Amino acid sequence: MAQNPRRPSAPAPHAPRLEGVVIATFGRHFEVSTASGILRCVTRGKQNAYACGDEIELTPTTAGEGVIEALHPRRNLLWRSDAFRQKLLAANLDQIIVVVATEPGFSTLLISRCLAAAESEGIDALIVLNKADLSAQLPPARKRLHLFATLGYPVLELCALDGAAALAAQIEGKKCLLVGQSGMGKSTLTNALTPEACAATAAISIALDSGKHTTTLARLYPRGSGWLVDSPGLQAFGLAHLAPEHLAHAFIEFRPLLGQCRFRDCRHDNEPGCALTAASASGVISSQRLAHYHAIRNEIAAARKANPGR
Ligand SMILES: Nc1nc2c(ncn2[C@@H]2O[C@H](COP(=O)(O)OP(=O)(O)OP(=O)(O)O)[C@@H](O)[C@H]2O)c(=O)[nH]1
Ligand SMILES: [Mg+2]
Ligand SMILES: [Zn+2]
C-alpha cells in the first residue's frame, strides 16, 4: 500500500529551527535552500517523501547539514504512480509547463496525462512548442497541438536557443514545473531563464567536455519571487492514484457531460446512453481525447488489479 504523500512529518519538540524549500531530492537526502544557504538534509524515521517545492522546517546539525523536522501543508502535489511505486514530482506549484518540440516527435497521450495530473490538483497548465526554428516539422506539430488549444490550454511557440524570453512573462513570479519527454528542451529553457541553472550547466560542461546533458534529477532554481523546476524526461506518466471518476473530471471538456450518462457507473466505453460516446460521435468532444481517457483508465484499472491494496 502506498503511503499518503500528503501526510506531514511529526514536528520535533526542540528548536532552533530554520525554514527552507526543498530544491533537490536524492533518495533519502534532500537539498534545502534556507536563509543561511543550502543545506544537505536527512529526515527523521521513515519519512522520506519530499518533493522539490516542499516548504519545510529543519534543525541545522553540522556545517552544511540538517535534519528535516516538519513539512508545511502543501498547496498541491504533482506525482505519478503505477501499481507499486509513486514518484513525487513537485509541490506548491502555480503552473505546469508541458514542453514538446518539433523534433524529436512527441506523444499527445503523454500531454493528456500531464494535463490530467495538473487538473486533478487544480494547477494551471501551459504547453510550450519548442524548436520552432526547425521549421520543416512545425506545421505538423502545430496541427497535433491544435486539439489542446481548442480546449483552452495556452500553446506558446518558441525557440529555446534564442527566444526563451517569450516564456518569461508567463512565469513571472510563479512557481513552475517543466515536464515532458527527453530532448524537448526543458533544460535549455531553464538555463536561459534562470542564471543559477546556467552557471551549473556551464560548470558541468567544462568538467565533462560534452554538450549533451540528459537531466537525471529534478532541481528547483529560484527566479525572482518564483521558481522553476527542471525535471528529467518522462517516458511514462502513470496516474494509478486517480480514481476513474476523478480521471474523467480531469479531462476538462468532459465535465459538462459527466452525470448525463444513462448508467451512473458508466465507463464511457460504448455503453447505451453514454453522453461522452454520443458527444464524441457528434464531434462535440474529440475522439482522440476519449481514446486517451480510455487508455489511462484501463491502465489505472490494471494497476488496481495488480495491487488491490493500493
Ligand atoms: N534547434 C533547436 N534545438 C534546441 C532548442 N532547444 C533545445 N534544443 C536542443 O535540444 C537538445 C535537448 O535539449 P535539452 O534542453 O537537454 O532537453 P531536455 O528536455 O532537458 O531533455 P532531458 O533532460 O533528457 O529530459 C539539446 O541538444 C538542445 O541544444 C531549440 O529551440 N532549437
Ligand atoms: Mg534536461
Ligand atoms: Zn458514459
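Biologist: What should I know before I start?

Modeller: The model is predicted: local features need pLDDT of at least 70, side-chain atom pairs count only at pLDDT 80 or more, and totals for chains, interfaces and linings use all residues. Residues are numbered from 1 along each chain as its sequence is written, chains are lettered from A and ligands numbered from 1 in the order in which they are written, and side-chain values use heavy atoms, with hydrogens and water left out.

Biologist: Which residues coordinate the zinc ion (ligand 3)?

Modeller: Donors first. They are N, O and S atoms within 2.8 Å of the metal (3.2 Å for Na, K and Ca); water is not among the atoms, so sites may look incomplete. Here the zinc ion takes Cys261 (SG), Cys266 (SG), His268 (ND1) and Cys274 (SG), at 2.1 to 2.4 Å. Along the chain, these donors follow the spacing C-x4-C-x1-H-x5-C.

Biologist: What is the geometry of the zinc site?

Modeller: Check the angles. Four donors count as tetrahedral if all angles lie between 85 and 135 degrees; four count as square planar and six as octahedral if opposite donors are over 155 degrees apart and all others between 65 and 115; anything else is irregular. The angles among the 4 donor atoms run from 100 to 115 degrees, and the zinc site is tetrahedral.

Biologist: Is cysteine 261 buried or exposed?

Modeller: Buried means under 20% relative accessible area, exposed over 50%, partly exposed in between (1.4 Å probe, protein chains only). Cysteine 261 has a relative accessible area of 12%, so it is buried. Cysteine 266 is buried too, with a value of 10%. Glycine 273 is partly exposed, at 35%.

Biologist: Which residues coordinate the magnesium ion (ligand 2)?

Modeller: Ser187 (OG) and Thr215 (OG1) coordinate the magnesium ion, at 1.9 to 2.1 Å. Now place them on the fold. Helices (H or I, at least four residues) and strands (E, at least two) are DSSP runs, numbered from the N terminus. Serine 187 lies in helix 5 (residues 186-193) and threonine 215 in the loop between helix 6 (195-208) and strand 12 (219-223), so the pair ties together parts that are 28 residues apart in sequence. Both serine 187 and threonine 215 are buried.

Biologist: Which residues come nearest to ligand 1?

Modeller: A residue is near a molecule or strand if one of its heavy atoms lies within 4 Å of it. Ligand 1 has 20 residues around it, and Asp133, Ser182, Lys186, Thr188 and Thr215 come nearest. Helix 5 gives the most to this shell, with 3 residues.

Biologist: How many nonpolar, polar and charged residues are in the shell around ligand 1?

Modeller: Ala, Val, Leu, Ile, Met, Phe, Trp, Tyr, Cys and Pro count as nonpolar, Asp, Glu, Lys and Arg as charged, and the others, Gly among them, as polar. The shell has 6 nonpolar, 11 polar and 3 charged residues.

Biologist: Where does asparagine 130 lie, and what does its side chain reach?

Modeller: Asparagine 130 lies in strand 9 (residues 124-130). It counts as buried, at 2% relative accessibility. The side chain of asparagine 130 reaches the backbone oxygen of methionine 184 at 2.9 Å. A polar atom of that side chain is 2.8 Å from the backbone nitrogen of alanine 160.

Biologist: What else in the protein contacts ligand 1?

Modeller: Aspartate 133 puts a polar side-chain atom 2.8 Å from a nitrogen atom of ligand 1. A polar backbone atom of glycine 233 is 2.9 Å from an oxygen atom of ligand 1.

Biologist: Which peptide bond is cis?

Modeller: Look at omega. A cis peptide bond joins glutamate 103 and proline 104, with omega about -15 degrees. Proline 104 is in the loop between strand 8 (95-101) and helix 1 (108-120).

Biologist: Where does asparagine 92 sit?

Modeller: Asparagine 92 is in the loop between strand 7 (86-91) and strand 8. Its phi is positive, about 60 degrees, although it is not a glycine. Asparagine 92 is buried, at 4%.

Terms used
A polar contact is a pair of N or O atoms within 3.5 Å; within protein, one must be able to donate a hydrogen and the other to accept it, and residues adjacent in sequence count only if both atoms are side-chain atoms.
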